[in-house]
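Welcome! Take a moment to look over the sequence and the 3D view, and then let us walk through a few features together.

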Amino acid sequence: MSIVPNKPLPEIHELTKPFWEGAKNGKLLMQKCSKCGTVNFQPKPWCIECGSRDMPWTEMKQEGTVYSYTVSRTVAMNYPGWKEELPVILCLVDIDDGARMYAQVKGVDPEDMKVGMRVTAIFEDISEEYGIPKFKPL
Amino acid sequence: MRGKVAIVGYGRTPYSRLKPGQPVLNVDEYIAWAAELALEKAGMTKADFDGQGLGVSHAEVAHTVNWSAATAENLGISPRALIRGDQGGSSATSMLIRAASLINAGVIDRALIVGADTPLGMPSVAPGLPLSPERTRGVYWDFQGPFGVMGATAQFALVLKRYMHEHELSVEQLGKIAVSNRYHASLHPGAIYRERFDLNDYMASPVLSDPIRLFDCVPIVNGGLAYIVTSAETAKKVSDRPVYVRGFGEQNNHYPGSRVFPDLTETGFSQSAPIAMEMAGVEHSDIDFFQPYDDYPFISMMTIEDWGFCKKGHGGKFIEERNLHFDGDFPLSTDGGQLSGGQPGGANGGFMPLVEGVCQLMGEAGERQVKDAEIGGVCGFGGIPYGRPGRSCISVVLGAEA
Ligand SMILES: [Zn+2]
């Protein structure tokens, strides 16, 4: 059996680095197309609406709405380190004027979760240089 | 292209959960075994495929980048056209469409299509996370794994939760699909789980990722499947019960509504099914049985809706009102589906709806045979895009007559 990290960490590439650096500094960044204004997420090589490759990383509002959620009570197809954190509340969050993203919501009882709930970003470090956004109820 | 090609052979190996006493075969052996079964059924030999088509579905354990060519090498076949299926659970049906197009264009006359996988033999760091490199690298994984995405069950649970927010759907209605599939599995010697259960058992199964419970999930198995497709002319010569491809439709990377904030309650079947049915010249009432890609009962339900058997949002009620058994008024997943049959790797479960459809129309389904079956609807559903269900949604209409 090979040794695996407790929880998965992203590989940092030039394309995605600003996102992780932004999260370290308490910012939520997404690629916004300078031609048509579409916000693209997850990171894309060109704008999925118009095909422009000019999509500077842009600071987003930190509030959004829960489009859907699930409460994972077991770890499957992810790393065993998540076990300590179960149940994990996983959401699809529609960022205001942004895009939809997968994210954890913390600081709420699973029974109190609701579709349509308003949430705000919180940031956790994943290393000295990088962070990851999560959310909590507004 | 209605009725221009037909399926004349199919094969499905016994599946293995790698329990004590069950065979331990590698993926190449499963491919050969499935191909042998299909060739026997068609009365053909491997030599009939030199200069013809060979289709090979992706395997989690694929051990070379040239997977289809390596499979030709292992089988000792020198095909003119290699067809590679890399569309997950719609690989089997996508290769059918590619083969039909090549046959119709006169490039080949026939194709042997194979798919097998041995995901249970792979080293795994966590339940259901085989170390297939593409699963855990790249932007796709980087923006899911670290965010707490626990695999397909969690991804699909998000879709189901949203559906239940927008539409009336009870857990019991979904349970009816799981119970009915298990009933069919009890009549199908090839299914991996054959002991019947009822709605109480379903409700008692643990919730894994709210609202998806254990009995909503496909069990992974090792195994292989194959089929043979050929021109209608050749089909008539070699088979007295060819199964014609009456119509097909394909939709990839479907965005219902906005690309940024898509509506998750609709699948690409809303696009591919009308095309398939129009090509086939059939109405919903002509379809004698339906084989969706049942990786979860609610995917069967959404597929039923998006094929247009009922209005969007009425799928739960439709299931409640219809008899889903092989001898009922809406025979569904008559082989037990993947839910009770098992999924031989993410890319090969999609052979099962097709193979069962062919089996039914050849009149070889034994105890679960749909009486006087003439037209069947079968589906491929493959891949999970970021934040959406189903990268590829393929609809096929099969017929006992062209
Ligand atoms: Zn654009």
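The SG atoms of Cys33(A), Cys36(A), Cys47(A) and Cys50(A) coordinate the zinc ion at 2.3 to 2.4 Å. Donors are N, O and S atoms within 2.8 Å of the metal (3.2 Å for Na, K and Ca), and water is not among the atoms, so sites may look incomplete. The angles among the 4 donor atoms run from 100 to 116 degrees, making the site tetrahedral (for four donors, all angles between 85 and 135 degrees). For comparison, the ideal tetrahedral angle is 109.5 degrees. Cys36(A) counts as partly exposed because its relative accessibility is 38%, and Cys50(A) is also partly exposed, at 30%. Buried means under 20% relative accessible area, exposed over 50%, and partly exposed in between (1.4 Å probe, protein chains only).

## How to read the model

This is a predicted model, in which local features need pLDDT of at least 70, side-chain atom pairs count only at pLDDT 80 or more, and totals for chains, interfaces and linings use all residues. Residues are numbered from 1 along each chain as written, chains are lettered from A and ligands numbered from 1 in the order written, and side-chain values use heavy atoms, without hydrogens and water.

## Chain A as a whole

Chain A holds 1 helix and 8 strands, in the order α-β-β-β-β-β-β-β-β from the N terminus. Of its 138 residues, 48% count as buried. Its C-alpha atoms fill a box of roughly 45 × 40 × 25 Å along the principal axes.

## Backbone details

Where is a cis peptide bond in chain A? One runs from Leu86(A) to Pro87(A), with omega near -5 degrees. Pro87(A) lies in the loop between β4 (63-72) and β5 (88-95). The loop between β4 and β5 of chain A also holds Met77(A), which has a positive phi of about 55 degrees although it is not a glycine.

In chain B, Ser333(B) has a positive phi of about 50 degrees, and it is not a glycine either. Ser333(B) is buried, at 1% relative accessibility.

Key
Four donors count as tetrahedral if all angles lie between 85 and 135 degrees; four count as square planar and six as octahedral if opposite donors are over 155 degrees apart and all others between 65 and 115; anything else is irregular. Helices (H or I, at least four residues) and strands (E, at least two) are DSSP runs, numbered from the N terminus.
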